[in-house]
Amino acid sequence: MPMIQLLNPYCTGDFTWLKGNLHSHTLFSDGERSPEDVIADYQQRGYDFLAISDHDFYVPVERYQQGTTMTLLPAAEVTALGPHILQIGIPLRIEPDADRQRVLDDIRARGGLAILNHPNWEWHFNHFRHEFMEDLEGATGLEVYNGVIERLEGSALASDRWDRLLSMGNWLWGFANDDSHRARDVGVAWNVVQASEATPAAILQAFRQGQFYASTGVVINDIRVDGASISIRTENAQRIRFVSRWGVVRASVDSEQAQWQVPDEPKQVAAWRYVRIECYGPRGQMAWMQPIKIEIP
Ligand SMILES: [Zn+2]
Ligand SMILES: [Zn+2]
């Protein structure tokens, strides 16, 4: 019986990597283009799935599914009365209650995914007040990267918030999305899931289980966990970092692949709680793997 157990969320059986963006806007809220144009743009770029997530408005994707080979996921962005939350997998508008816990409860009761959006948006970098985020229950994840914030006030990157939440015991997956409003916002950030098939149900299930990575350009080919050893193979990473509780970097390797062994020191390692892998590639590209829980039985 090993003293240190790693709870690997990733698939060990058969799967296909599918690429998609979960956050995009159209003329039905403040986007500049029609759903048809947005869908055609993502399809041309080789995406496998897409969610149209207009502000407090459900765009009926079933109406557009016939016109594309991508899998369209029902979605909307709960916007009014508080910080923004993506609802994925529910074919209707969730009521934007000022009590965001009720919004999360509603999304969960209807079987959807809830993602806390762009936490570091706005001049105060605090769209989601941190203590408020810590108190929320039932979110699937948060946006560790939101593309549109590159041209707005705040920080597109929110891995700082992610590490703090994970360290406090809030187990959230990390997503990267375009939040596209204009043509130039498309293709900045996406998620790649390990799905058994290209159906909405299979894609949602993979997200729910953390079988995906978030990316702005680094491509992951393989992730393996064997006992206390974690290995990752990428196409184009130049640096791979292993990050644990409170954001401490436990190892950093300048290569497109890396292997790391969790030290056989259970007492010390018990306090690390998790390890997640962050990849840095050319031209500022990144990828974020989902956290692997460290357990000492
Ligand atoms: Zn938003
Ligand atoms: Zn948005």
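Residues are numbered from 1 along each chain as written, while chains are lettered from A and ligands numbered from 1 in written order. In this predicted model, local features need pLDDT of at least 70, side-chain atom pairs count only at pLDDT 80 or more, and totals for chains, interfaces and linings use all residues; side-chain values use heavy atoms, without hydrogens or water.

**Exercise 1.** Find which residues are the protein donors of the zinc ion (ligand 1), and where H84 and H118 lie.

*Solution.* 
- Start at the metal: E77 (OE), H84 (ND1) and H118 (NE2) lie 2.1 to 2.2 Å from the zinc ion (ligand 1). Donors are N, O and S atoms within 2.8 Å of the metal (3.2 Å for Na, K and Ca); water is not among the atoms, so sites may look incomplete.
- Next, read the spacing, which is E-x6-H-x33-H.
- H84 sits in the loop between β5 (75-78) and β6 (85-88), and H118 in the loop between β7 (113-116) and α3 (130-135), so the pair ties together parts 34 residues apart in sequence. Helices (H or I, at least four residues) and strands (E, at least two) are DSSP runs, numbered from the N terminus.
- Now look at E77 again: E77 bridges the zinc ions (ligand 1 and ligand 2), which lie 3.5 Å apart.

**Exercise 2.** Decide whether H84 and H118 are buried or exposed.

*Solution.* 
- Take the cut-offs: buried is under 20% relative accessible area, exposed over 50%, partly exposed in between (1.4 Å probe, protein chains only).
- H84, at 9%, is buried.
- H118, at 4%, is buried.
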